[in-house]
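Please open the structure in a viewer and keep the sequence at hand.

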Amino acid sequence: MSVTNFPGRSSSASTGIPITKVTVPALAEMKRQGKPISALTAYDYSSSRLADEAGIDLLLVGDSLAMVVLGHDNTMAVTVDEMLHHTRAVRRAVRRALVVADMPFGSYHGTVSEGLANAGAEAVKIEGPRVELVRALTDAEIPVIGHLGLTPQSIHRMGGYRVQARTAESATRLKADAMALAEAGAGALVLEGVPREVAAEITAELPIPTIGIGAGPECDGQILVFHDLLNLTFAPTAKFVRRYADAGALIRAAIEHYREDVEHRAFPSDEESYHLPEAARKTVAEQTTGALRQA
Ligand code: KIV
């Protein structure tokens, strides 16, 4: 397994165990060893740090940023600059996980050289069977993760968020695209919104790891959107989402409690306040009394 040990914070604060950096070749080794890859989306410093410390292998700065963080209706509104801003925050937080940055809509849909100019990170993810671009990025030493199946940047062409590869013909095409991306140098492949049987067959035949989202349990790894996992979205979730905690309810209740405390002057308490030292308190009191007498 390929390793990079960080010169600074190179061991876990809690256990003292050296941190072994996850790399793209390390993902391939995990596939060889049959070790499932855990992946999650990430967008900011604090949540990325928590996810990294929780041992997630791959953190994707997804263009889902547009929806779950910036409030847009779909993923296509996010810009290269916005993606860079959030990728830098995640990068600062992470010691162990592989950080992958999504290439946003429009940043690689023109020429291959435009795509090359906009790329650059520990690894980038691009949607669709863009074999030529994957080859060019790989040749430029930029690791690439492919993304096939339900590719959200294609919602207009697909006519909505629909499960893909539901016919024998489209499943065969998907498999051929997956093979072509692997041959072009992709380091892993996200399979989104495809039947379990199709994802299982691709996973068994592909030399690179598959990371599924709505693609069944046979994929080499799984990815979820951070906000879906924690109930921080404000819409019904897709069938494949499992909510592991209700952070939405927790945060709402804590904020309501804070507001009530402020309204009832129950916050801050004396212990939460700074105090003047005794001598200074006396001087201030005397000056105030003197000023009142003169008035
Ligand atoms: O942007 C994103 O969050 C993604 C994942 C759903 C794979 O592409």
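Which residue just after H6 takes a positive phi? Select glutamate 141: its phi is about 65°. This is a predicted model, in which local features need pLDDT of at least 70, side-chain atom pairs count only at pLDDT 80 or more, and totals for chains, interfaces and linings use all residues. Residues are numbered from 1 along each chain as its sequence is written, and side-chain values use heavy atoms, with hydrogens and water left out.

Next, select helix H6, residues 131–139; helices (H or I, at least four residues) and strands (E, at least two) are DSSP runs numbered from the N terminus. Its buried residues are Leu133, Val134, Ala136 and Leu137. The face turned away carries the exposed residues Glu132 and Asp139. Buried means under 20% relative accessible area, exposed over 50% and partly exposed in between (1.4 Å probe, protein chains only).

Finally, select aspartate 228 in helix H10 (residues 226–229). Aspartate 228 is buried yet has no salt bridge, that is, a side-chain nitrogen of Lys or Arg within 4 Å of a carboxyl oxygen of Asp or Glu. The nearest side chain of opposite charge, arginine 243, is 5.2 Å away; Lys and Arg count as positive and Asp and Glu as negative, while His and the chain ends are not counted.
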